[in-house]
Amino acid sequence: MARTHITAVVNGDETEFLAEDGTSLLNALRDEVGLTGAKEGCGTGDCGACSVMIDEKVTTSCLVFAPEVQGATILTVEGLADSGELHPLQQCFLEGAALQCGICTPGFLIAAKALLDKNPDPTETEIRYALAGNLCRCTGYDKIVRAVQEAAREMRGQ
Amino acid sequence: MAITEENPGYKWVGTRPIRPDGLEKVTGKAQFGADLMLPGMLFGKVVRSPHAHARIVSIDTTAAEAMVGVKAVITGSDFPDLAANGAHASDIDVANNAIAREKVLYEGHVVAAVAATTRDQAEAAAKAVEVTYEILPHVLTVDEAMAEGAPLLHEGMITKGVDPAPEEPSNVASKILHERGDLDQGFGEADVVVEREFTTKPVHQGYIEPHAAVADANSDGRAHIWCSSQGHFQMRAYSATVLGVSPGTLKVTAAEIGGGFGGKTVIYLEPLAVRLSQRAGRPVKLVMDRDEVFRATGPTSGTRIRVKMGVSQDGKITAAEVWMAYEAGAYSGSPVGAAGMTAIACYDIPNFVVEGYDVVCNKPRVAAYRAPGAPMAAFAVESVLDDLARDIGMDPIDIRLANAAVEGTQASYGPKFPRIGFVETLEAIKDHPNYTADLGPNQGRGVAAGFWFNAGMMSSATVHINENGTATVVTGSPDIGGSRQSMALMAAEELGIPYESIKAVVADTETVGFNDVTGGSRVTLATGAAVVDACRLIVEDLRARAAKTWDVEVDQVEWVDGQAQHVDGSQPPLSLSDLAAKSGRTGGPISANASLNSRGVGAGFSTQLCDVEVDPETGVTRVVRYLTAQDAGRAISPDYVEGQMQGGVVQGIGWALNEEYIHDQDGVMENPSFLDYRIPVASDLPMIDCAIVEVPNPAHPYGVRGVGEVGIVPPMAAVGNAINDAIDVRMTDLPMSPVRILEALTEQSD
Ligand code: FES
Ligand code: FES
């Protein structure tokens with residue numbers, strides 16, 4: 001089957017990979033690029049475990065065909081830390097025990113980053129709605145919401 | 001501060017450091033089941049039955065085998081026929097559930113599997129496997145399955161637990177019965193009696209990670225399996241059974257597990273992946289789609305339950321009669337046994353009969369789900385108790401206090417309770433500001449309680465002291481919710497070294513002794529006790545080595561704060577790192593193993609308080625405030641104790657309000673996606689307030705009881721009782737969805 005050659009900036013690096021037209025970005029990232037941080041929880045856009053940022057917009061990568069990202073800039077959970085220094089969200093998730101099994105964590109971190117990039121001082125309700133596309137079955141969301149609140153405070157320098 | 005039960009003076013136990021496996025999980029490095037890639041690996045795909053009940057007439061794999069990239073196709077005939085080999089009935093069921101032989105018993109039942117070089121090729125080949133079925137009539141619920149003349153799933157099924165044994169086969173696998181006292185007398189003493197009937201639907205554990213397994217088989221019969229499960233020793237045992245090999249030929253490595261809640265104690269993909277890998281001579285990865293997870297794994301039972309209870313005017317329960325039927329799905333083994341034991345276990349009731357039936361039907365075989373069986377029974381019993389409290393005008397906490405099981409109470413299922421903390425959870429709710437917070441219009445408040453045994457079972461641990469005095473703690477219990485942290489905290493406490501100096505890991509089946517599954521809330525209790533035992537052996541060894549170094553008797557040496565100290569201070573202390581550095585001269589490497597079979601489980605109780613707001617126009621119920629009080633015994637790792645409490649509650653809220661399996665007339669699941677099977681999301685919920693109660697379990701070195709399960713027992717009744725308080729409607733069928741609430745409101749106004 002013919003495979004398309006795709007060039008995109010992934011986590012800051014120009015990256016080339018091949019994918020069939022029907023392959024999802026999620027599978028291309030996982031199988032071809034070797035970035036398995038984004039997870040498949042459903043494959044139908046309903047769980048958010050596969051969330052990545054494409055050109056600064058949070059997107060469920062299971063619903064994007066790989067060839068669509070030609071020339072785009074993509075951020076996955078593997079690109080959140082800066083030269084080994086954790087993003088405040090990552091640090092706050094750790095300190096606030098905002099993960100149990102951790103399968104949903106990459107998606108939540110990306111969705112929360114997208115929120116805080118746009119809204120540095122969200123209310124609890126705004127956080128809950130911004131994360132409503134991400135399913136977590138372990139935590140009941142309490143500690144996740146608190147971790148995002150804490151990270152927002154830290155990022156605002158409070 | 002004085003060292004007391006409440007303040008035992010621990011340095012590490014009860015603190016909230018960062019978990020050992022956290023960094024990998026926030027950076028995307030952690031390897032879950034589907035993340036492993038091996039050179040030359042093939043992708044597999046499973047072929048599933050589209051019918052709820054059918055005889056397999058033939059399977060033609062020739063077209064699939066001829067397709068590009070296809071390396072192996074297997075069917076039931078590629079596995080030993082355990083029934084013909086006279087195997088144990090429960091093993092035959094495990095094997096037939098993994099891959100059907102003669103009949104398919106539910107939509108989604110596996111009939112074949114393929115492996116090919118790409119995902120797309122595997123999918124195409126799976127579609128090309130031609131299966132001819134003879135469709136049989138099916139039964140989907142306990143009502144249908146128990147009806148006169150119902151079609152049978154298993155022609156030879158004679159109900160167990162009935163004397164004399166019935167002569168005719170049926171879909172009822174077994175009956176359970178618990179009785180005490182005299183029911184008629186008990187109801188005669190009651191001032192108020194309430195009787196109601198309840199139904200609940202099957203619900204799925206809903207872990208976000210679908211099942212996944214990779215197998216790499218060698219030509220000599222050995223194979224290595226990587227899988228996401230709650231027990232890789234269990235997966236090894238089941239796989240060996242299904243494949244007809246010795247367990248020692250299989251090595252199973254536990255991947256990180258993305259949630260299980262009981263649903264990953266069952267085998268699905270592992271033996272198929274091994275057989276495909278053997279046939280293809282290459283590693284094979286099998287991963288389920290979400291659709292397959294819903295159709296063919298989990299769920300827990302749908303049920304029908306009748307409860308009749310009576311109380312005297314002072315709130316004493318005089319009698320209880322409980323009848324329940326639990327769906328087992330395709331093979332016997334619903335959790336009705338546990339349901340029968342837990343249903344009224346919170347209370348000291350003089351007269352009762354609890355009767356239950358395990359009923360097979362044409363749905364996926366049920367799997368354990370957090371306190372299996374208990375939540376449905378508690379929904380029924382705690383709803384009726386709420387009605388009784390209202391009828392006699394008693395506070396819902398007070399009526400529970402008036403009947404609460406305490407130390408010495410003869411549990412309804414037999415033994416006398418040792419020290420338990422049920423009363424303390426009730427008091428914690430009553431003392432909390434939520435209990436008296438103001439309620440707005442259309443809001444209501446509900447209380448409910450729950451009991452779960454907690455399990456012990458078998459565990460092994462190995463502790464190694466590294467050459468610089470740090471330690472590695474090795475267990476074989478997959479870490480599903482932060483247990484590596486609790487292992488490291490207990491080891492730090494025992495060894496007297498910092499938490500950060502300890503690395504806790506989960507090892508494969510060849511690297512550590514046997515461990516039962518991560519289930520029954522048992523890991524911190526039992527595997528934790530094994531870790532404590534191993535650490536204590538290490539400390540004994542360290543004291544002996546210090547004694548040797550100082551040339552004194554070992555009883556002259558104490559282990560304090562990570563140092564060997566001479567009792568009279570006559571020697572400069574030797575730290576763990578000093579002793580580790582000299583280990584070569586004092587007897588070699590410092591290491592210890594401990595294995596045990598449970599040392600006394602500690603029962604868990606939870607009481608919960610729920611405030612809801614019901615919109616009378618739409619029927620939508622919103623949880624506006626929630627408090628859960630649970631007896632942890634001892635919270636080794638309070639962050640993750642709260643996590644278990646909150647997670648259990650929210651699963652329960654989903655079960656109460658939204659979640660249900662919907663099947664069409666043909667027995668095909670209509671909502672196998674997270675879009676149509678809606679689990680709670682962040683915007684549905686408030687914060688979940690936690691009150692950790694600590695009444696230590698006398699049988700555990702740190703007082704641990706286990707916290708994973710009991711939190712899901714009360715929520716359905718707590719929500720239902722709150723709805724009743726808000727709109728004066730008693731909901732008896734789950735889920736209490738907007739449609740059902742509106743129906744009930746309409747009925748009420750008629
Ligand atoms: S895997 Fe993409 S949303 Fe679930
Ligand atoms: S931590 Fe397990 S799904 Fe969120």
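How many salt bridges does the rule find across the interface of chain A and chain B? It finds five. By salt bridge I mean a side-chain nitrogen of Lys or Arg within 4 Å of a carboxyl oxygen of Asp or Glu. One to look at joins the side chains of A:Asp31 and B:Arg119, at 2.7 Å from N to O.

Quick ground rules. This is a predicted model, where local features need pLDDT of at least 70, side-chain atom pairs count only at pLDDT 80 or more, and totals for chains, interfaces and linings use all residues. Residues are numbered from 1 along each chain as its sequence is written, chains are lettered from A and ligands numbered from 1 in the order written, and side-chain values use heavy atoms, with hydrogens and water left out.

Back to the interface. On chain A, 47 residues are in contact with 55 residues of chain B; contact means heavy atoms within 4.5 Å. The buried area is about 4200 Å², and carbon and sulfur atoms give 57% of that. Buried area here is the accessible area, with a 1.4 Å probe, that two parts lose on being put together, summed over both. Three residues stand out: A:Leu94, A:Gln100 and A:Arg137 supply 20% of what chain A buries against chain B, more than any other three.

Now the sheets, both in chain B. Strands are DSSP runs of E, at least two residues; helices are runs of H or I, at least four; both are numbered from the N terminus. Two strands pair if DSSP finds at least two bridges between them.

Sheet one is open, three strands, order E20-E21-E22, antiparallel. Strands E20 (557-560) and E22 (574-575) of chain B each have a single partner strand, so one side of each is left without a neighbour in the sheet. Two bridges join E21 (563-566) of chain B to E22(B). In one, B:Gln563 has B:Ser575 as its partner. Helix H15 (523-550) of chain B lies across E20, E21 and E22, at about 130° to E20(B). Axes are lines fitted to C-alpha atoms, for helices over the stretch in contact, and angles run from 0 to 180 degrees between N-to-C directions.

Sheet two is also open: four strands, order E16-E24-E25-E26 of chain B, with mixed pairing. Where is the parallel part? Five bridges join E25 (621-631) of chain B to E26(B), and those two run parallel. There, B:Gln630 stands opposite B:Ile692.
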